[in-house]
Amino acid sequence: MEILAKPLRKLHTLSHLDLSQNNLGVGIQLLSPALVGCSQLNHLDLHSNKIGDAEAVALTDALVELGNLVHLDLRQNCFGALGASTLAQGIAKCSNLKWLGLGANTIGPVGAHSIAQAIASCKNLIHFDMAECCLEDSGAMKVVEALRCHKALTTLNLSKNCVGLSGARSIAKAVRRCTSLAHLNLAGNRFGGEGLGLLVETLSGSPSISSADLSDSSQFEWAPAPPSASVDEECITHKCSCLETLDFGGNRAFSSTGRIRTLCNWIQFSKHSLTHLDLRCSGLQRGGMEQLAKALGQSEKLKVLVLRDSNIGPDGARSLAQDIPAHALGQLSYLDLGFNWLRADGMESLAVMLKQCTVIRRLMLNHNQLGTAGAQTLSRVMKGLTTLEHLDVSFNNIGPRDLQGLVPTQGSFVYRQ
C-alpha cells in the first residue's frame, strides 16, 4: 500500500479512484493520508476491503478534506457502530454526495443514528444503500426521517435489516415525501402483516415508484392497513402509472381471506408500464387468482410472471387462460408456475394460454403432477413455442416415454422423475 500511497500524494487532479475488492484492511491507514491531497476526487470506491473500526477512523480524516466527493462506496466491509459514527463526521462534510453505499456492515441502531445526522446535510443524494446493516426499527426510523426532505433521492435500499412495524410506518411517511423515489428495496425485513399492508397501500399511491421489492418481509397474512393510511382509489388511478417491477414473493399474503384488491388496483393502474411481477409463495389460491388474472389481463408490457408455489391448482390455471387475453401475453418471455399442483386438467387450461405466448423463452412447470395426460397436452403446445429456450418439467409423474415432443428445438431441457 505504501507503493500506491506515494504517487497518490502527487495526483492533485485525480477525480476517480476505484480500489474495490482488494482486502486492503490496515492498508487503509496508509492510504488515507495520501487521499487528503486529492482535493478534486469525486469518486471513491472502497467496497470489500475489510475496513474495520480502526480503518474507518483513519479514513474519516481524509473524507473531511474531500468536499468534492460525489460517489462513495463503503459496502461489504466490517466496521460497526464505532466506525460508522466516526465516518459520519466525514460524510457530513461531503455535502455534494449523490451516491452513498454503506450496506453489509454491522452498523446497528447506534451507528445508524450518527449516519442519519450526517446524511441530513447531503441534500443531493440520489442513491442510498444501507442494506444488511442490522438497523432494526430505531435505526431505520432515524435514517428515513433524515431522508424525508431529500427531493432528488431515486434509489433506497434498506433490505435485510430486521425492520418491523414501527419502521414500516416511518418508511411509509418518508415515501410520501420523497416524490422522486423510483427504486425501493425493502426485502427480507420483519414488517408483519400490518406493516406490509401499510407499505403496499402507500406505495400504490406513489407517482414515482417504478420498482419495489417487498419479498420475504412478512410471515403473516397481509392485514388491513389502518384507516388513516388507506389510499383513495381515484388518487391511485391518476398517480400510479410508472411501476415496472414488483417483487412481492415469499410473503404468503394472499390466502382466501387476504387482501388482494389494493394490489390488483396497483397492477391495473400500471398496465402501461409493468414488466416484471413476482408473487412466488404468496398464497394466492383460487379466489385471489381470479382477481389477479383479471388485473393482469389489462397489462400491455408484461415480460416476467412468477407465480411459483402459490397453490393456484387447476382452477387458477383456468382463470389465467380465461381472463388474460392474447394482447396481454404478447411480450411474456418468462413464466414460472412451478409447485402449483396444476395436474392434467390445469395443463389443459394452461395450453390455451401458452398458445398466445409467442415470444416465451423460459417456462417452469416443475412439481405439478401433470402425469402422462398433462405431458401429452404440453407436447401438442410445444410445436408452436418456437422461441422457447428453457423448459423444466421435473417431478411431474412423467415417464421417459412421455418425453417425446417436450424437448425444445433449442436451449435447455430439465427433467427429473
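Select Thr13 to start. Thr13 sits in the loop between helix H1 (2–8) and strand E1 (16–18). Is Thr13 buried or exposed? Thr13 is exposed, because its relative accessible area is 69%, and the cut-off for exposed is over 50%. Gln40 is 27 residues from Thr13 along the chain, yet the two C-alpha atoms are 5.4 Å apart. Keep in mind throughout that this is a predicted model.

**Zoom out**

Show the whole chain as a cartoon. The chain has 417 residues, and 54% of them are buried. Next, contacts. Take those with a separation of 6 or more: 84% of them join residues 24 or more positions apart. Switch to a surface view. The chain exposes about 17,000 Å². Carbon and sulfur atoms supply 50% of that area.

**Into the core**

Hide the surface. The largest nonpolar core holds 120 residues. Which of them touch the most other members? Select Leu46, Leu102, Phe128, Met130, Leu277 and Leu292.

Stay on Met130. Ignore its neighbours within four places in sequence. Met130 then contacts Leu102, Gly103, Ile107, Ile115, Leu135, Val143, Asn157, Leu158 and Asn161. Leu102, another of the core residues listed above, is among these contacts of Met130.

**Helix H3**

Go to residues 53–63, which form helix H3. Colour its buried residues: Glu55, Ala56, Ala58, Leu59, Thr60, Ala62 and Leu63. What do they pack against? Show helix H2 (28–35), strand E3 (71–73) and helix H4 (81–93).

**The cavity**

Rolling a probe the size of a water molecule over the atoms shows where empty space is left. Here the count is one cavity of 30 Å³ or more. The volume of the largest cavity is about 30 Å³. To find its lining, select Val144, Leu156, Ile171, Ala174, Val175, Cys178 and Leu181. Which helix gives the most to this lining? Helix H7 (residues 165–177) does, with three residues. By class, the lining has seven nonpolar residues, no polar ones and no charged ones.

Step back to Val163. This residue lies in the loop between strand E6 (155–157) and H7. Val163 counts as buried because its relative accessibility is 1%, and the cut-off for buried is under 20%. Show its contacts beyond four places in sequence: Glu136, Asp137, Ala140, Ala168, Ile171, Asn189, Arg190 and Phe191. Ile171 also lines the largest cavity. Met141 and Val163 are 22 residues apart along the chain, and their C-alpha atoms are separated by 9.0 Å.

Most residues other than glycine have a negative phi. Two stops go the other way.

Glu136, one of the contacts of Val163, comes next. Its phi is near 60°, a positive value in a residue other than glycine. Glu136 belongs to helix H6 (residues 136–147). At 42% relative accessibility, Glu136 counts as partly exposed.

Finish at Asn397. Its phi is positive too, about 55°, and Asn397 is not a glycine. Look for Asn397 in the loop between strand E14 (390–392) and strand E15 (412–414). Is Asn397 exposed or buried? Asn397 counts as exposed, because its relative accessibility is 60%.

Terms used: Residues numbered from 1 in each chain as written. Predicted model: local features only at pLDDT ≥ 70, side-chain atom pairs only at ≥ 80, totals over all residues. Heavy atoms only, no water. Helix = DSSP H or I, 4+ residues; strand = E, 2+ residues; numbered from the N terminus. Buried < 20%, exposed > 50% of the residue type's maximum accessible area, 1.4 Å probe, protein only. Contact = heavy atoms within 4.5 Å. Areas by Shrake-Rupley, 256 points an atom, 1.4 Å probe, with all protein chains shown as cover. Core = buried A, V, L, I, M, F, W, Y, C linked by side-chain atoms within 4.5 Å. 1 Å grid on protein atoms, 1.4 Å probe; cavity = no way out; pocket = protein on both sides within 12 Å on 5 of 7 lines; lining within 4 Å. Points joined across faces, edges and corners; volume = space filled by probe spheres on them. Nonpolar A, V, L, I, M, F, W, Y, C, P; charged D, E, K, R; others polar.
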